[in-house]
There are 2 protein chains.
Amino acid sequence: MKCIAILGSTGSIGRSTLSVAESFPDRFEIVALAAGRNLDTAFEQGRRWQPRIISMAAEPDADVLRSRLKQAGLGKIEVVHGAAGTVKVASLPEADFVVSAIVGVAGLEATYEAVKAGKTVGVANKECLVAAGELITAEARRQGKPLLPIDSEHNAVHQCLRGGRMEEVERIWLTASGGPFLNTPRSEFNAITVEQALNHPTWKMGKRITIDSATLMNKGFEVIEACRLFHLPPSKVEVMVHPQSTIHSFVEFIDGSILAQFSVTDMRLPILYALTYPERIQSDMRFPVGDLRHLDFSPPDMNKFPCLRLAYEAAEAGGATTVALNAADEVAVAAFLEGSIGFDDIPRIIESTVSASNTGRLESIAQVLEADADARRYAQERILVMPKKSAQRRAISVV
Amino acid sequence: MKCIAILGSTGSIGRSTLSVAESFPDRFEIVALAAGRNLDTAFEQGRRWQPRIISMAAEPDADVLRSRLKQAGLGKIEVVHGAAGTVKVASLPEADFVVSAIVGVAGLEATYEAVKAGKTVGVANKECLVAAGELITAEARRQGKPLLPIDSEHNAVHQCLRGGRMEEVERIWLTASGGPFLNTPRSEFNAITVEQALNHPTWKMGKRITIDSATLMNKGFEVIEACRLFHLPPSKVEVMVHPQSTIHSFVEFIDGSILAQFSVTDMRLPILYALTYPERIQSDMRFPVGDLRHLDFSPPDMNKFPCLRLAYEAAEAGGATTVALNAADEVAVAAFLEGSIGFDDIPRIIESTVSASNTGRLESIAQVLEADADARRYAQERILVMPKKSAQRRAISVV
């Protein structure tokens, strides 16, 4: 029986993890949940899974949850809250495996504490590797525990890497769907609407990650994650556009052999892989191999998608640049979604923010959070001086 | 330094093995060669590699080679001949690794003896697994030594299997180019000429294997090889047509993940893999991943290619049926190449020969060879009663 704590239990990855646990009741026990502000879902999860502890983001929510659980005869479930509550969930002695799936920098400290507490951590939170990757992977190495990627690309790489030793890896190739603007001419990018950008061809995801997929920034983040997770320089991490998103990634070995992984596009599969690693167990997530017909590939266009180039540059520079990249992107995407800036302003905001950040090594999660706040402030300021220009540009493109 | 003996050194796989050894002079030493009847090549190989021993198929050739080597100052190389000579090469105490690449049943006994002598064997000879697979794999298990496949498909499977344990395999998928008649209507099969059948779209190979690729019998043999090599029932070995021959095979695991291997179509790659396994070493055989554009797949048509169905049936039946399948195919392909029978007579000859063979377990290589000789005789007799019909059919197809 593997005892699991989930950071971000009410989000998409958290719910998928519970769905996997539901399918294998004699393998997994849910011992701790950190939820956000979704009180009803947290209550339902508490009633269904009866963990030792649940943490809510805000204290008032924790109070309400505590009394609702008590009324339901579940007063034995400890209810905590805030950053300290999340850390308590992450480092619960009874947990063997921690799923890190809180979106944004809010999950950083708890994930770092889980690694420090010697847990095996399944990483779905992008910021853990993009912003704090050097710190977290160094700590996992010290602990001698694996960091298991819970996203389709890095999970695929992890699987393919079993075909050889790390020193036998020539390079890895992350596949990218290419997003909805793969075939849109660069000249039309300034006229892209929010609705168009939210229309992702293969995956149904949250708004920010959908925009990040449209700019290829999501793939850029994945390049940085791969560098941190697999201890590879950016020159050994390539991106290949593959619109069907069937093959999730390749690993090229020094002898010239390449291993690729493919499967259905269902997040429960990398979650199951991480939860059972190094074993595999029978699932019903079958890819219909007999129906396979065409797979297409093309190289990414870094001129059309400057976010990908910016990510490579930040991966190379290290330090606070990757923190700034993530923070500026989050701010810029929010501004785009609100209609304050145009689609092709997103990389402009990011580039100027990253240029202003420093490349010195970050020594603690506190320093990461500080660099993150600085970058957000900087990006916000850049946006304030920008709208007129963008509004003008959008007006021109309509004419 | 790995000491290598090659059975079939003057053939295509033998020469590719020497080319690999040439590229890594500080890793591999060639200690023994078994050549066929190509005296000049055997002499050149002897002069270049100076092995302890060379075996020729025929005694007169051995005598000539011995004196030519002596004249060249290489009298210390022992020259032997015949089946006993090949066995001596296969079981030379100084050899660590034996490459089994003699074409046809001639290589069976020596390969079996190599396995019995505790060598690690790289198998390129189809008959070792199709005709004597049950015997040879059982002996390798007893010895606790791996049998490493030296052909692109099974080598790919071997690599993908590293992603899990054997009991975690749901099924394997061998890819097939589909041969030159993938898109030829079934109704035109009786008019197929030798020249058309020899025109393989992706691989340059010998005549028999090229015809076997055109009938998909080669893929059928590979299904049987895969069953024997990986201890899987035929129901767990599938075939997928993939005209580009880029992906060499897939392995589908029970959790729903699929690993695939691809590389350049160069036999030196699986040879290098087998010679260095479990390590990988740097080679210049790079697949141009950045140039990857389209991969196509489709299910095989067993009605159009009955040889594939016959192979599945023989794999299921076991015993002498797989021996008969191989023997009858060799006889039928030779008859087709001579113009004695039509292209679509090949499966007819095979089917009637296999039906007449028995399914009892073969207990020795001698029994395999006896079943092989019986099947050849039977197939020859079937061909003798057939030509008139075929000639007539070909005449009709011309009209």
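Residues are numbered from 1 along each chain as its sequence is written, and chains are lettered from A in the order in which they are written. In this predicted model, local features need pLDDT of at least 70 and side-chain atom pairs count only at pLDDT 80 or more, while totals for chains, interfaces and linings use all residues; side-chain values use heavy atoms, with hydrogens and water left out.

**Exercise 1. Describe the contact between chain A and chain B.**

Step 1: Start with the residues. Chain A gives 46 residues and chain B gives 46 residues to the contact, where contact means heavy atoms within 4.5 Å.

Step 2: Turn to the area. About 4,000 Å² is buried between the two chains, with 51% coming from carbon and sulfur atoms. Buried area is the accessible area (1.4 Å probe) lost when two parts are put together, summed over both. On the chain A side, A:Asp255, A:Ile258 and A:Arg280 lose the most area to chain B, together 18% of what that side buries.

Step 3: Look for charges. Between chain A and chain B there are eight salt bridges, each a side-chain nitrogen of Lys or Arg within 4 Å of a carboxyl oxygen of Asp or Glu. One of them links B:Asp255 with A:Arg280, whose closest N and O atoms are 2.9 Å apart.

**Exercise 2. Decide whether helix 10 of chain B is covered, and look at what follows it.**

Step 1: Count. In helix 10 (residues 207–215) of chain B, seven of the nine residues are buried, meaning under 20% relative accessible area (1.4 Å probe, protein chains only). Among them are B:Arg208 and B:Asp212.

Step 2: Find the cover. It includes helix 11, helix 13 (306–317) and helix 14 (320–337) of chain B.

Step 3: Move along the chain. Just after helix 10, B:Leu216 takes a positive phi of about 70°. B:Asn218 lies in helix 11 (residues 217–230) and counts as buried because its relative accessibility is 9%. B:Asn218 is in contact with B:Ile209, B:Asp212 and B:Ser213, leaving aside neighbours within four places in sequence.

Definitions and conventions
Helices (H or I, at least four residues) and strands (E, at least two) are DSSP runs, numbered from the N terminus. Buried means under 20% relative accessible area, exposed over 50%, partly exposed in between (1.4 Å probe, protein chains only).
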